[in-house]
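Q: I would like to learn how to read the packing and the charged pairs in a protein model. Could you take me through them slowly?

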Amino acid sequence: MQNKGHMSALTRQRVRSAWVFLIPMLLVLAGVAAWPLLRTIYFSFTDASLDDLASARWIGLTNFIYLLGDPDWWHAVWNTFFFTVCSVSVETVLGLIIALTLNAHMPGRGLLRTAVMIPWAVPTVVSAQMWGWMFHDLYGVINDTLLSLHVIREAKAWTADPHLAMIAIVIADVWKTTPFMALLILASLQLLPHECYESARVDGIHPIKVFFKVTLPLIKPGLTVAVIFRCLDAMRIFDLIYILTSNSRDTMSMSVYARQQLVDFQDVGYGSAASTMLFVTIALLTALLLTLSKVKPGKEIA
């Protein structure tokens, strides 16, 4: 009983120490995140304008009613979910392949890991401008390569064509973000017990069967967290789409739509309503993904 009481006191001391270290961070987060978020939610219920925020009047749910009745908003919602599903799906598959390759014992593995991370290290603005030139209809290397291989008969305006613009954006995002997925999956692979693979090798089990029966179930928690992180990040996509296609309705995401209302039209109230809806959508998606994956917040992975 004394030992149990001692451990309880030690646990309480650790909890208090944890709070001492966490409180400064929580205060900073409250200043740089919570306050702007609450202010945005407040403005979403007003008719605030960018040129005169002080004279904002409370109008209730009017902004949300207009927002939910705007076809452009729902088109932006569709674009955002379409981009998220396509990019995250491709990045997960490619990231898994790359992670399995980097986890294998081969010469130069460390150098290869460093090289793979280069796209992730490139700022999004730089990579977007680079891909913009690559997709250029007159000077782009993409068209030149496809024409040389006789895949296409004439140059394509990738970022201007309504049927190709989203494909171009997904390709650019996959190039940049796949290393992030590969890194998270590789971290899970590094923790797997080697005894399982030694037993499978001795029993003569086919490597593909080992992957689906051993590797995939063991890395599922880490893989799930990686997919959730990427889904939430993809839902907030703004910079890549805005740089490649600006305010084009064909590729406009929810973030681009909110920015257009806030900055171009200077309608802070309506733009804040769009931003609030984006926040609510991401929050609901987070809850749904955590529920479906049965990963509890705060639960240790791996």
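The dialogue below takes up the nonpolar core and then the salt bridges.

A: This is a predicted model, in which local features need pLDDT of at least 70 and side-chain atom pairs count only at pLDDT 80 or more, while totals for chains, interfaces and linings use all residues. Residues are numbered from 1 along each chain as its sequence is written, and side-chain values use heavy atoms, with hydrogens and water left out.

Q: Which residues touch the most other members of the largest nonpolar core?

A: A nonpolar core is a set of buried Ala, Val, Leu, Ile, Met, Phe, Trp, Tyr and Cys residues joined through side-chain atoms within 4.5 Å, where buried means under 20% relative accessible area, exposed over 50%, and partly exposed in between (1.4 Å probe, protein chains only). Here the largest core has 38 residues, and Trp73, Phe83, Ile169, Leu240 and Tyr257 touch the most other members.

Q: How many salt bridges does the structure hold?

A: Side chains of opposite charge can pair when their charged atoms come close. A salt bridge is a side-chain nitrogen of Lys or Arg within 4 Å of a carboxyl oxygen of Asp or Glu, and the structure holds 7 of them.

Q: Which residues are linked in a network of salt bridges?

A: The network links Glu91, Asp173, Arg230, Asp233 and Arg236. Within it, Asp173 pairs with Arg230, their closest N and O atoms being 3.0 Å apart, and both of these residues are buried. Arg230 also meets Asp233 in a salt bridge (2.8 Å, N to O), although Asp233 is partly exposed at 31% relative accessibility.
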